[in-house]
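Please look over the model below before reading the points that follow.

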Amino acid sequence: MIDIEALSMKAMEIVTYAGMAKSNYINALKSAKKQDFSQAEKLLKDGDEMLATAHDSHMGLLQKEAETMEPQVCLMIVHGEDQIMSCETIRLLVTELMELYQNR
């Protein structure tokens, strides 16, 4: 049987780390706009570490589901997955924009 409280805690972990990664990516872009590329790269790296933590938490849920054959789904997990996907898109766009700022 699913422990909804534990599942909700994992979901909040995913949402939190993906949100922090997203904030770092946006701040990296702001630093690049100011031509502070060393700070932008640091923020990008920090964001990558946070996104990796979100991915690890998500992978743990997927592994648990595969082991128990019991779906590990609630609306918070869906929200967390959405946050991860949007974060990956934002990272891609930020790195492209940073390159444009560096080349101007």
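**Notes on helix 1**

1. Helix 2 (37-68) and helix 3 (75-102) are among the elements that cover the buried residues of helix 1. Helices here are DSSP runs (H or I, at least four residues), numbered from the N terminus; buried means under 20% relative accessible area with a 1.4 Å probe, protein chains only.

2. This is a predicted model, in which local features need pLDDT of at least 70 and side-chain atom pairs count only at pLDDT 80 or more, while totals for chains, interfaces and linings use all residues. Residues are numbered from 1 along each chain as its sequence is written, and side-chain values use heavy atoms, with hydrogens and water left out.

3. Helix 1 covers residues 4-33, 30 residues in total, and its first and last C-alpha are 43 Å apart, close to the 44 Å expected at 1.5 Å a residue. That expected span is 1.5 Å times one less than the number of residues. Glutamine 35, with a positive phi near 65°, follows helix 1.

4. The buried residues of helix 1 include Leu7, Ala11, Ile14, Asn24 and Ser31. Serine 31 has a relative accessible area of 12%. Beyond its neighbours within four places in sequence, serine 31 is in contact (heavy atoms within 4.5 Å) with Asp36, Gln39, Ala40 and Leu43.

5. How do helix 1 and helix 2 pack, and at what angle do their axes cross? The axes come within 8 Å and cross at roughly 165°, so the two helices are roughly antiparallel (angles over 145 degrees, between N-to-C directions of lines fitted to C-alpha atoms over the stretch in contact).

Note on methods:
Buried < 20%, exposed > 50% of the residue type's maximum accessible area, 1.4 Å probe, protein only. Axes fitted to C-alpha atoms, helices over the stretch in contact; angles between N-to-C directions. Parallel < 35°, antiparallel > 145°, perpendicular 65-115°, else oblique.
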